[in-house]
Amino acid sequence: MTTVSIWRWPTPNGLPPLPLVASLCAVLGAMWLTAPLVEVDFVRLLGSLGKMAAFAGQLFVEPDWAYLPQLFDKMLETIEMTFLATMIAVVVSLPLGLLAARNATPHVLVYRLTRDLLSLMRALPELVWALVFVSAVGLGPLPGVMALAFVTVGFMGKFFAESIEVVDHRPVEGVAAHGAGWLQVRFFAMLPQALPDFVGTVMYILDHNLRAATILGLVGAGGIGYDLVMSMRLFQYDRLLPIAVAIYLVVTLLDRLSDQLRSRIIHGARK
Amino acid sequence: MSNISIQSVSKRFPNGFEALKGVSAEIAPGSFTVILGPSGAGKSTLLRLMNGLETPTSGTVRIAGEALEKANLRRMRSSVAMVFQQFNLVERLSVATNVLTGRLAHRSWVGSLFYLCRNEDMDITREALARVGLTDKAWSRADKLSGGQQQRVGIARALAQRPKVILADEPVASLDPVSSEEIMGLLREICDRDGITIIVNLHQVDLAKRFADRIIGMNSGRVVFDGASAELSPQALRTIYQREGIEHDNSLDLALAYA
Amino acid sequence: MKPTQAVPSATALPPKPRNLFPVWLAAVLAVLWLIVRDLEISFETLAYGVADMGEYFSRYRQPDFSNLSRYLELMGVTLATALWGTVFALVVAFFLAPLAARNFTPHPLAYRMAREVLNFMRAMPDLLLALIFVAALGLGPLPGALALGVHTAGFLGKFFAESLERVDRGVYEGVAATGANFPQLVMYAGWPSILREALGYVLYILDRNVRMASVLGLVGAGGIGLALHDTLRLFDYGQSAALILVILATILIIDYASAWLRRRLG
């Protein structure tokens, strides 16, 4: 009994659609080719489950109570870095976003240049910039804030420009028709329309930056990252679990907060 | 033979709204019934009780003697098809695949999860599409069709189930008058030729009078009229459509005169 | 016909609602000032730093491409890591997302559990996960791929679930009314309805994973990050510049490719 004559796909010729098959083959092919590069080894994976269980077991020791004040300090530092960097980025990306929006930019060349600049700013991950800035200004939270702010401007500038590009043109024309100057048109007609979207973007970026900030310490750029890595390297499991829990709690808290804020703002804008 | 038996059914929603207050009716197999009434009368709720999209707060709904429960829901739904006001097609899928979803209950095989189907199911799909006159649109994307055509796809999907009952919840409310005629005519023809029990929710009086054998008039969650469409007198209409608290309202008579 | 309301006799405007914006602004500025104090960010250092920065960046002026073939190899490993991580995330999200969509899930308990699992996966920084997997599996790109996969599964799952929640209920009811069971509902009413959005999210996550994969090397999870760490530590600015350029070029190419793909799909 052959299956071909009984089963078929809901297409005119009974076979699955070509683009779907082609892209599936492409992806599977790429995975097959790169498997050795990634050193995929299912045997090794299964074998490691035992090790991971043992590792997890080691985590549940009594926490290092003496360490907790420093944990609190470092978490606070991480949160502060996030907030400061994001606010700096907001201030810088508002004008840049205007310049990078096709309908608000003073000249096409300015638009192109700003877009390319923003693209470069967000191309490299924060950690790479943190490495570079630590090399330049030394250890501490300053290079971390700089790296975060830098990359954030890249993303925020782009998001903001896109929000401005989809504003309703009628209020803009209305304001301009009343003789408003170049800056006034942008400030009073474009910005207010783009603002609700923008606030949502800022919330999302805060979420992202908090996660990024937790690892910048790896290269000495402030925050909990350094303690995190050191506790692993030095097998200080009585610190590792509290650190992981603290990160989980703070990140989840911010997540819930920003979800709430976002839904309240969306509802407010609808009213 | 499947008759539908509704016994003293009430439905109260979590927000306190009482959609149905003690409704009873027996629907004979192979009949064409129209439930007529204003918005908010409970027509939709009543219809949705018959395929398990809503559950009654009290009372029972039996189809061919069996009450609807979680355990037999899938089986019951496969023989009670529904046509919706907003068509409720999967827009991205082709017309043929949409109609094919009518066969899903008959095939729980894993193959259906890979979008596979048996040849028999494809034949049934073609039949159903021919019945509603959309054979040439079989491979178009569902959202590229007009309203009337999409509703016909909805009916084809219902037919593909080979159902004993077809429930139609305001099937023509989103359509223009010509398409509305088409759809109602199609439903009537299905009832006459295939002997499928058809229950249609409508708020248009003229369509109800012309197509129904029997009309159940509802107002504020209660049945206020139940009889042959010939018996639908102006007084009966007034009881169906009158609003609570407004006794003698000329505007209602005027509106009904033009209905 | 309702009786019309009486016209107010006074012509004065109603009291202006209090504008809280300046209050919020002042609060934010105050918090920022406190933060700057607490982090001991000295503007002096920053000013010197900015002045020095010019000189500092000039050291990168001459990229040294002598090791280019090795760097490209490493970049290849990085890309492969990102691909595997993304596919892993996609598979996990594929199964969890329908359970985590409020209007779709078969049972409120399944919903809660799926949501919590996704949240947990999202909250753990991939670096931490990479560290744990390196401890269990040894050095190399595989722990990196797993870390990326687990972490981004949380994001993809949430994005997919939110997309599913935005689909018109009627579409689900239409297929459910035919008697389809839950897996059939997922495949015929769920995924087809959000396909375009879902692909956009996958491309976005792939993009993001390429960036993260390039730094995971810093914790021994393979790829080009380790090389950059080493060259910077040895103050070899020429090589560092070359490395940064390789990473930059790759990320930009992936960016353009995914934007192009997204336009083709749209």
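Predicted model: local features only at pLDDT ≥ 70, side-chain atom pairs only at ≥ 80, totals over all residues.
1. The crossing is right-handed. On the α2(A) side the contact is made by Arg44(A), Ser48(A), Lys51(A), Met52(A) and Phe55(A), and on the α5(C) side by Ile132(C), Ala135(C), Ala136(C) and Leu137(C); by class, this contact has 6 nonpolar, 1 polar and 2 charged residues.

2. Chains A and B: here 6 residues of chain A are in contact with 12 residues of chain B, and the chain A side divides into 5 nonpolar, no polar and 1 charged. Strand β1 (residues 7-8) of chain A pairs in the antiparallel sense with strand β7 (residues 117-118) of chain B over 2 bridges, with Arg8(A) opposite Cys117(B).

3. The sheet of chain B: 6 strands form an open sheet of mixed pairing in the order β6-β8-β9-β3-β10-β11. Strands β6 (80-83) and β11 (222-228) stand at the edges, each with a single partner strand, so one side of each is left without a neighbour in the sheet. Strand β10 (residues 214-219) of chain B pairs with β11(B) in the antiparallel sense over 6 bridges, and the bridge partner of Ile216(B) in β11(B) is Asp226(B).

4. Helices on that sheet: helix α5 (residues 147-160) of chain B packs on the sheet, touching β6 and β8 (165-169), and its direction makes about 175 degrees with that of β6(B). Helix α8 (residues 234-241) of chain B touches β3 (32-36), β10 and β11, and its direction makes about 155 degrees with that of β11(B).

Note on methods
Residues numbered from 1 in each chain as written. Chains lettered and ligands numbered in written order. Left-handed = near helix turned anticlockwise from the far one by under 90°. Helix = DSSP H or I, 4+ residues; strand = E, 2+ residues; numbered from the N terminus. Contact = placed C-beta atoms within 7 Å. Nonpolar A, V, L, I, M, F, W, Y, C, P; charged D, E, K, R; others polar. Pairing = 2+ DSSP bridges. Axes fitted to C-alpha atoms, helices over the stretch in contact; angles between N-to-C directions.
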